[in-house]
Amino acid sequence: MSTTGANADPLAALGSLPGVADSVESVRKSVDRVYGHRVMRRRSNEITSEAALRGARGSAALSGADWALEEVRRRSDFGVDDEARVMGAALRLTAEAGQLLSIWRQSPLRVLARLHLVAAGTDEDEIGRPRQAGERVDEPLIELPLPDAAEVSGRLEGLSGLIIAGSSAPALVTAAVVQGELLALRPFVSHNGLVARAAARIVLVGSGLDPKSVCPAEVGHAELGRAAYLAALDGYVSGTPEGMAAWIAHCGSAIELGARESTAVCEALQRGAA
């Protein structure tokens, strides 16, 4: 996404793309249905915890660790192989994201660095900072052309400036742009997909759209499938109005599916079946 130009609020301009307003409205209705459920009034903490677990599972699935939910519940060792490490990283990010809400609007780059540090689980030199010239990126499931380090630095600064300046754009639009930009840039040497989805989650919660974090978009992205995810991302990277609108709509559909998942959890709790 270009973050320069005459428009003082490019994020808000995306909200006027064809079909985006309909996606925004549909997302709002889906989220409202979850928050209006009678179980949410009494057991919202349980719904939040379950949404966090399911969201982490969904994000890990998109990064190559497609485990059954019960396997995630059962396991306690997340360091034995590559898939286990991906799942462990997703779980750590889900727990960490809620602690970073107050920092995001003032210092999004600091938050992104922290997310990468948490995901990687090490303190090696290349962890917790944008990659430098010549450093390789371990993100095999995203095969888009890789921007060089100078472009990454400039676009991260532009994205940070937009977040700090604030926008009248709907939360869906901002979250979609944050996720899409991070996926396109792959600013870190690893775990970019997990970090991108965690950052989008921070936007959705911090904006007030989903303050209790009970509508895990990651669940929806996983349900829609990796192929559809990457195809929609191609639209974002194209930079065309149609491509951008398609990516935003895809992200909206994912939130709606996440909301549907938590509504089902509410129903199960109400029946005493969970």
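**Helices, their contacts and the loops between them**

Ser-213 is partly exposed, as its relative accessible area is 23% (buried means under 20% relative accessible area, exposed over 50% and partly exposed in between, with a 1.4 Å probe and protein chains only). Ser-213 belongs to the loop between helix 10 and helix 11 (217–224), where helices are DSSP runs of H or I with at least four residues, strands are runs of E with at least two, and both are numbered from the N terminus. Although Ser-213 is not a glycine, its phi is positive, at about 55°.

The model is a predicted one, in which local features need pLDDT of at least 70, side-chain atom pairs count only at pLDDT 80 or more, and totals for chains, interfaces and linings use all residues. Residues are numbered from 1 along each chain as its sequence is written, and side-chain values use heavy atoms, with hydrogens and water left out.

His-191 is placed in the loop between helix 9 and helix 10, and it counts as partly exposed because its relative accessibility is 22%. Just after helix 9, Arg-186 also takes a positive phi, of about 45°.

Helix 9 itself (residues 171–185) has 15 residues and reaches 21 Å from its first C-alpha to its last, close to the 21 Å expected at 1.5 Å a residue; the expected span is 1.5 Å times one less than the number of residues. One of the residues in helix 9 is Val-177, which counts as buried because its relative accessibility is 2%. The C-alpha atom of Val-177 is separated by 9.7 Å from that of Cys-251, which is 74 residues apart from it along the chain.

Helix 5 (residues 82–97) and helix 7 (residues 108–120) have axes that come within 8 Å and cross at roughly 140°, where axes are lines fitted to C-alpha atoms, for helices over the stretch in contact, and angles run from 0 to 180 degrees between N-to-C directions. That angle makes helix 5 oblique to helix 7, since angles under 35 degrees count as roughly parallel, over 145 as roughly antiparallel, 65 to 115 as roughly perpendicular and the rest as oblique. On the helix 5 side the contact (heavy atoms within 4.5 Å) is made by Ala-89, Arg-92, Leu-93 and Glu-96, and on the helix 7 side by Arg-114, Leu-115, Val-118, Ala-119 and Ala-120. Sorted by class, the contact of helix 5 with helix 7 has six nonpolar, no polar and three charged residues; here Ala, Val, Leu, Ile, Met, Phe, Trp, Tyr, Cys and Pro count as nonpolar, Asp, Glu, Lys and Arg as charged, and the others, Gly among them, as polar.

Helix 5 also packs with helix 10 (residues 192–206), at an angle of about 20° and with the axes 10 Å apart. Helix 5 and helix 10 are therefore roughly parallel to each other. Val-86, Ala-89, Ala-90, Leu-93 and Ala-97 of helix 5 meet Leu-194, Val-195, Ala-198 and Ile-202 of helix 10 in this contact, which by class has nine nonpolar, no polar and no charged residues.

The remaining pair is helix 7 with helix 10, whose axes come within 10 Å and cross at roughly 130°. Helix 7 and helix 10 are therefore oblique to each other. Their contact is made by Val-111, Leu-112, Leu-115, His-116 and Ala-119 of helix 7 and by Val-195, Ala-198, Ala-199 and Ile-202 of helix 10, and its residues divide into eight nonpolar, one polar and no charged.

Which residues of helix 7 are buried? They are Pro-108, Val-111, Leu-112, Ala-113, Leu-115, His-116, Val-118, Ala-119 and Ala-120, and what covers them includes helix 5, helix 6 (101–104), helix 8 (149–165), helix 9 and helix 10. Helix 7 is followed by Gly-121, which has a positive phi near 70°.

Finally, Gly-19 is placed in the loop between helix 1 (10–14) and helix 2 (20–35), and its relative accessible area of 41% makes it partly exposed. The C-alpha atoms of Gly-19 and Ala-249 are separated by 7.6 Å, with the two residues 230 residues apart along the chain.
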